[in-house]
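Biologist: I am new to this structure and would like to learn how to read its features step by step. Could we look at it together?

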Amino acid sequence: MDAVKMVFNMFLFPGGLFAVLFGLLLMGADRKIYARLQRRVGPPLYQPLIDLVKLQQKETLIPRTAQYTVFRIAPLLGFVGMLVAVVLIPIPGVYAGINHTADLLVLLYLLATPALALMIGASASGSPYSAVGLSREMTLTMAYEVPLLMVFLTVAMKVGMAYGKLGDFSLGDIISFQQQNGPLLLDITMLPAVLAFMCCIPATIGVVPFDIPEAETEIAEGPLLEYSGTGLSMFKLTGGLKMVVISALAVALFFPTALGGFWLINLLWFIIKCLLVITVTITVVRATRARMRMDQAFKFYLLFPTALALISMILTMFSVKL
Amino acid sequence: MANLLQQIVKKSPWIYRINAGSCNGCDVEMATTALIPRYDVERLGCRYCGSPKHADIVLISGPVTAVVKEKVIRVFDEIPNPKVVVAVGICPISGGVFRDSYAIESPLDAYIPVDVNVPGCPPRPQAIIDGIAKALEIWKTRV
């Protein structure tokens, strides 16, 4: 039975089919709300699905200078990494997750796979614009991983202290702790960490203030420049899955309350929370801010989110009650 | 089945601009049509893309100067099939005000198969949107 359940979790719910459809919904909602913020009609909610079907009909071109095998495999790497990451994250009241001792640390590594896949694909495509995008992606990843890791450490420390450990990296424990003691979002000492995590979201997804690696108006989409057809559709799909993973993670870390006993209500509540996370941290930011320069983004990440996460960490370390 | 596919694909045209030595008048008009919220071509599923390898509909402006001719043909070849070409402005048709210049190699359709012509110097944004809508009907049949 266990194997059947595992396969079901991996390919239908919450990984695989559900995650892909949910990712497309989040992408569509993001584009629709973005259009409404600019007072226009905007594309329909199912637009990302149409784009995906269209890209399958296009010819796939491979540049003569590209390293063929790596160029074709790179889009798959990020996609698979994100599919595995979805299975690790519990949905409160619906799905319990894998529940190992350190799944938060595994998630931190898996979160880096799409950026890594982008870098590998860019380096294999043999285009100078991709090389520029590759170096920018690498710099940006290094900058936002620091506050992200510190937020994870803070949450782990907070939960670990309650269970008499130095740190607890199990997502199952983190959720059960919050279901007993109230969500961490409402804890004032954790508020800086929440803000730091919200600052990291746009860079992980790669949207406007921090879409410096893919800046289409200056380096012609950077790492994605040489990709067309199926490879490009794979990267777009990975973008959607990234939204699912990061918003589900935000829900699991800071606000994993379940509404009732029935799973369908809990699932709808989870979807609403994810939509809210995406709207606040991606759509509104994207609609109101212009693209930063690389050095500005680097400084921003090593200054504000890191400082915020550090404040939370110190408050947690000395168990300050506010 | 093929009909359904055509209906789906029609809703997702990605636009790419090539400047073939244009004076920038048509480019400004195209940017205002394809990009600004006022006319909102995104409701048709259009998206402006930065790379020729992502494009479906190509908007070419300018009288094809001698220097830029080879590059335009090369970028055009990098666009994956199926694709549609829209020539924007009077220049790609006849050379426009630059007609008798020694540096001009128009018309454009001597080198590239043009599907839709949008004449004007520069054409109105409405005319360009109409050109894109006509290009969509042609693109649908090529999938």
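Biologist: Which residues touch the most other members of the largest nonpolar core?

Modeller: Please keep in mind that this is a predicted model. The largest nonpolar core holds 83 residues, and those that touch the most other members are Phe152(A), Phe197(A), Leu249(A), Leu253(A) and Phe254(A). Helix 10 of chain A, which runs over residues 230–254, gives the most to this core, with 13 residues.

Biologist: With which residues is Phe254(A) in contact, leaving aside its neighbours within four places in sequence?

Modeller: With those neighbours set aside, the contacts of Phe254(A) include Val151(A), Val155(A), Pro183(A), Leu185(A), Met190(A) and Phe197(A). There is also a second, separate core of 26 residues, which includes Ala66(A) and Phe235(A) together with Ile60(B) and Leu108(B).

Biologist: Turning to chain B, how many helices and strands are there?

Modeller: Chain B has five helices and five strands, and along the sequence they follow the pattern α-β-α-β-β-α-β-α-β-α. Its radius of gyration is 15 Å, close to the 15 Å that the globule rule gives for 143 residues, so chain B is as compact as a globular protein of that length. Buried residues make up 49% of the 143 residues in chain B, and among its contacts with a separation of 6 or more, 84% are between residues 24 or more positions apart.

Biologist: What is the phi of Asn24(B), and is Val64(B) buried or exposed?

Modeller: The general idea is that most residues other than glycine have a negative phi. Asn24(B), however, has a positive phi near 85°; this residue lies in the loop between strand 1 (14–19) and helix 2 (25–35) of chain B, and at 44% relative accessibility it counts as partly exposed. Val64(B), which is not a glycine, has a positive phi of about 55° and is placed in the loop between strand 3 (57–61) and helix 3 of chain B. With a relative accessible area of 1%, Val64(B) is buried, because buried means under 20%.

Methods:
Residues numbered from 1 in each chain as written. Chains lettered and ligands numbered in written order. Predicted model: local features only at pLDDT ≥ 70, side-chain atom pairs only at ≥ 80, totals over all residues. Heavy atoms only, no water. Helix = DSSP H or I, 4+ residues; strand = E, 2+ residues; numbered from the N terminus. Rg over C-alpha atoms; globule rule 2.2 N^0.38 Å. Buried < 20%, exposed > 50% of the residue type's maximum accessible area, 1.4 Å probe, protein only. Contact = heavy atoms within 4.5 Å. Core = buried A, V, L, I, M, F, W, Y, C linked by side-chain atoms within 4.5 Å.
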